[in-house]
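Look over the sequence and the model first.

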Number of protein chains: 2
Amino acid sequence: MKLHLECIPCFIRQTLDSAKILELDDEIARTLLLRTLGLLSRLDWDLPAPVIGREIHRAIRELSGDPDPYLRRKISDTETALQLLPRVEQAVAESEYPFLTAVLYSIAGNAIDLAAKTGVEASAGAAFRSALDKPVDEAAVRRLERAVGEAGSVLFLADNAGEIVFDRPLLDRIGRDKVIVGVRGAPVINDATFDDARRSGITERFRVISNGSDTPGTWLNDCSREFVDQFERAALVIAKGQANYESLSDHPGRVAFLFLTKCAAVSEHLGVPTGSYVIREPRSS
Amino acid sequence: MKLHLECIPCFIRQTLDSAKILELDDEIARTLLLRTLGLLSRLDWDLPAPVIGREIHRAIRELSGDPDPYLRRKISDTETALQLLPRVEQAVAESEYPFLTAVLYSIAGNAIDLAAKTGVEASAGAAFRSALDKPVDEAAVRRLERAVGEAGSVLFLADNAGEIVFDRPLLDRIGRDKVIVGVRGAPVINDATFDDARRSGITERFRVISNGSDTPGTWLNDCSREFVDQFERAALVIAKGQANYESLSDHPGRVAFLFLTKCAAVSEHLGVPTGSYVIREPRSS
């Protein structure tokens, strides 16, 4: 999905929000804002939004002098999510349709996003409480379940720290034998890296591979050769989060998407209200 | 008042909103947005926001090929306000404190602003209905009335088309003999020009002078010599609207401000909630 005019105010918004969250001083915040403005004034409109996000967050890490500025927040979101996990697992186990309930908690976890300006509360607790409240396309879930059953291998592209804990029941249902979990190659915002997956108990249960990239999404041009090989070999890819949708939506076939829509541009693109649960199956093309 | 970090996303927002209101095609909207981004990336942070607004709206007029793109909207707001005027005048005449009621309608009219992103409905009808609902500093109104009484001459800086109609009862109470109404020198957004004052029945009742500038505010560096002379000679200046506050707040003495706060930057600066009625008397310094 290419850049939309509405992405521009959103990048500026994200830059200022990051400066606030990271308590950067005013001089650094201004420098950062000027960098973002300069970047945006030389924009390639054919790129997806997460590639611009990558540049903004590289500048944030450079100017803040912190290689992982959201680390504390990632750790605390992971801890909160881990405390909630037994209740999520119980809800899934007791559900009439466990795969559906696992999908719902996985998408609800996608609210734990420090980049988006949603009005959706970005905490693990809020994600847990609201997980079962949204309307969802149950037929799409059944088709996804069938696609998972038929696939010999599934590459599951995780999104954010904290969120990845809420993915665990779904990963269990896909099956430890066939799923590989892909994470970001380096810290960017609160996106889950290998370390975050480890803190979430994911690495001891599943095979986890880094994508070699610091793009907050999955931009294959930017990923390691090893990751791209896995991506191409997987019978099915399940991509979590809006940024993975933005960076992979034009990829032909085999990619399913699970996410919460977080902005007008993506919501309009899909014809749904902002804050919707999206379950998009692989395109047959 | 100097630029605030929060002005930056607001300029981008205004650029996109203008492109939408004026139904510019996507290619022009992108060019316009790139111009705004370029402008912002070379910012002089000591300028007040309306000077940047001037540049953005010059680009809008140039790229749209329309020297007065908000003309239709200005005419329709003026007509609506003129239809409401007899009821405003009646409310003022029947009020226990006519000067106060005239001030309230004048400030309420300040909601008719196509630049601001407020959540305040920007129509003349909404301005009329909500005029008397807001808390107001009555002691400040009494002091302003006294300052008006003591001043031999008053320069009243009008703000927007439509709004200027709601100023008429207050202008009447200041007095036709002592007030001069200042308007913008050329079209910019929906700011009132001489033509808009004429359409509002202001020119036939009051002496009206153009400030010679297309800044959406009053930036004296940009005003005609004749206007600056009037400004300096006036015993009291009453400036309507937030943009006049932003561009004149650092001016020493003799300037009173009447406006509705429309953004977090100005509201924080004044320590009031956004959407407040502000009555600021001349500084004694």
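This is a predicted model. Start with A:Asp196: its relative accessibility is 0%, so this residue counts as buried. Its salt-bridge partner is A:Arg199, with 2.8 Å from N to O. A:Arg199 has 26% relative accessibility and counts as partly exposed. Both residues lie in helix α10 (residues 194-199) of chain A, 3 residues apart, which means that about one helical turn separates them.

**Salt bridges within the chains**

Side chains of opposite charge can pair when their charged atoms come close. Over all chains, the structure holds 48 salt bridges.

| Pair | Distance (N to O) |
|---|---|
| A:Arg58 and A:Asp214 | 2.8 Å |
| A:Arg199 and A:Asp196 | 2.8 Å |
| B:Asp214 and B:Arg61 | 2.9 Å |

A:Asp214 is buried, at 11%.

In chain B, B:Asp214 pairs with B:Arg61. B:Asp214 sits in the loop between β3 (207-210) and α11 (225-233) of chain B, and B:Arg61 in helix α3 (residues 49-64), so this bridge joins parts 153 residues apart in sequence. B:Asp214 counts as buried at 11% relative accessibility. B:Arg61 is buried too, with a relative accessible area of 15%.

**How the chains meet**

Chain B superposes on chain A by a rotation of 180°, with 0.0 Å of shift along the axis and an RMSD of 0.0 Å. That is the relation of a two-fold axis. Of the interface residues of chain B, 100% are also interface residues in chain A, so the copies meet through the same surface.

The contact involves 19 residues of chain B and 19 residues of chain A. About 1700 Å² is buried between the chains, and carbon and sulfur atoms give 72% of that area. The interface has 4 salt bridges. One of them joins A:Glu6 and B:Arg13, whose closest N and O atoms are 3.4 Å apart. There are also 2 residue pairs in polar contact across the interface.

On the side of chain B that touches chain A, α1 (7-21) and α2 (26-41) each give two or more residues. α2(B) gives the most, with 9 residues. The residues of this side divide into 12 nonpolar, 2 polar and 5 charged.

Technical notes: Residues numbered from 1 in each chain as written. Chains lettered and ligands numbered in written order. Predicted model: local features only at pLDDT ≥ 70, side-chain atom pairs only at ≥ 80, totals over all residues. Heavy atoms only, no water. Least-squares fit on C-alpha atoms with pLDDT ≥ 70 in both. Contact = heavy atoms within 4.5 Å. Buried area = accessible area lost by both parts, 1.4 Å probe. Salt bridge = Lys/Arg side-chain N within 4 Å of Asp/Glu carboxyl O. Polar contact = N/O pair within 3.5 Å; in protein donor to acceptor, adjacent residues only side chain to side chain. Helix = DSSP H or I, 4+ residues; strand = E, 2+ residues; numbered from the N terminus. Nonpolar A, V, L, I, M, F, W, Y, C, P; charged D, E, K, R; others polar. Buried < 20%, exposed > 50% of the residue type's maximum accessible area, 1.4 Å probe, protein only.
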